[in-house]
Amino acid sequence: MPFTVLLVDDEPLVRAGLRAVLEAQPDIEVVGEAADGAAVIPLVNRLRPDVVAMDVRMPLMDGIEATRLVLRTVPDPPKILVVTTFENDEYVYEALRAGADGFLLKRARPAEIVHAVRLVAEGESLLFPAAVRQLAAEYGTNEARAALERAALTDREEEVLRLVARGLSNAEIAAGLTLGIETVKSHVSSILAKLGARDRTQAVIAAYESGFVAPS
């Protein structure tokens, strides 16, 4: 079955461009479009997409609030891929903190757009660009540092979290640490549980905000 995608952007040309790129792929199907975040919930409930490609700035309801609503009200919610013009946009960071699963620039090349959708659909978040990692570090708090200390990660879990924060997939981490992929998946699941993180993206945000991983 192909990955299904809902496009949410107030610019018709952006939606048309994303649709053309994604529908050229045999394993991706665009099942709907919306021009504002306010239309997302009924469309998600009706279409049940695997991924919502969500513009972060829209006139009635922005992508941050739409992301919060999806994750709070939809059972088994779709993955959310934030799509925006500027990589150093604080709106992007707030959307990621709200629970978005990945980040994509509108000027990305077609191959990068396709890769982003597949990666998010498969549950392995995108590497944050340097500007967003810097924002995460600037948002750091004593509370975030204390939360990471309370998580009491093992040495191996700390090693895995650093690699997750670098954007490596489970397979890449397994190869780098000479571990089985199921072992890596087990470590990632344990990290998420200990941090109280919904997914890898939230764990990476915790890693940067706590100062456990420094932006490079």
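User: What is the relative accessible area of alanine 152?

Analyst: Alanine 152 counts as partly exposed, the class between buried (under 20% relative accessible area) and exposed (over 50%), using a 1.4 Å probe and protein chains only. Keep in mind that this is a predicted model, where local features need pLDDT of at least 70, side-chain atom pairs count only at pLDDT 80 or more, and totals for chains, interfaces and linings use all residues. Residues are numbered from 1 along each chain as its sequence is written, and side-chain values use heavy atoms, leaving out hydrogens and water. For alanine 152 the value is 49%.

User: Where is alanine 152 found?

Analyst: Alanine 152 isn't a glycine, yet its phi is positive, about 50 degrees. Helices (DSSP H or I, at least four residues) and strands (E, at least two) are numbered from the N terminus. On that numbering, alanine 152 is in the loop between α7 (142-151) and α8 (155-165).

User: And arginine 48, what phi does that one have?

Analyst: Arginine 48 sits in the loop between α2 (40-47) and β3 (51-55). Its relative accessible area is 37%, so arginine 48 is partly exposed. Although arginine 48 is not a glycine, its phi is positive, at about 50 degrees.

User: Which residues have the most contacts inside the largest nonpolar core?

Analyst: A nonpolar core here is a set of buried Ala, Val, Leu, Ile, Met, Phe, Trp, Tyr and Cys residues joined through side-chain atoms within 4.5 Å. The largest one has 53 residues. Apart from it lies another core of 19 residues, including Leu22 and Leu104. Back in the largest core, the residues with the most contacts are Val8, Val40, Val52, Met54, Val160, Leu161 and Ile173.

User: Which residues does valine 8 touch, its neighbours within four places in sequence aside?

Analyst: Contact means heavy atoms within 4.5 Å. With those neighbours set aside, the list for valine 8 is Ala34, Asp36, Gly37, Val40, Val52, Ala53, Met54, Asp55 and Met58.

User: What is the bridge partner of valine 83 in β5?

Analyst: Strands β4 (79-84) and β5 run parallel, with four bridges between them; pairing takes at least two DSSP bridges. In β5 (102-105), Gly102 and Leu104 point one way, Phe103 and Leu105 the other, and all are buried. The partner of valine 83 is leucine 104.

User: How far apart in space are histidine 115 and leucine 22?

Analyst: Histidine 115 belongs to helix α5 (110-121), and its relative accessible area of 47% makes it partly exposed. In sequence, histidine 115 and leucine 22 are 93 residues apart. C-alpha to C-alpha, the distance is 10.0 Å.

User: What volume does the largest pocket have?

Analyst: On a 1 Å grid over the protein atoms alone, a pocket is an open set of points with protein on both sides within 12 Å along at least five of seven lines, and lining residues have an atom within 4 Å of a point. Of the 16 lining residues, Leu195, Gln202, Ile205, Ala206 and Glu209 are the closest to the centre, while α7, α10 (181-195) and α11 (200-209) each supply at least two. Grid points are joined across faces, edges and corners, and volume is the space filled by probe spheres set on them. For the largest pocket this gives about 380 Å³.

Conventions
1 Å grid on protein atoms, 1.4 Å probe; cavity = no way out; pocket = protein on both sides within 12 Å on 5 of 7 lines; lining within 4 Å.
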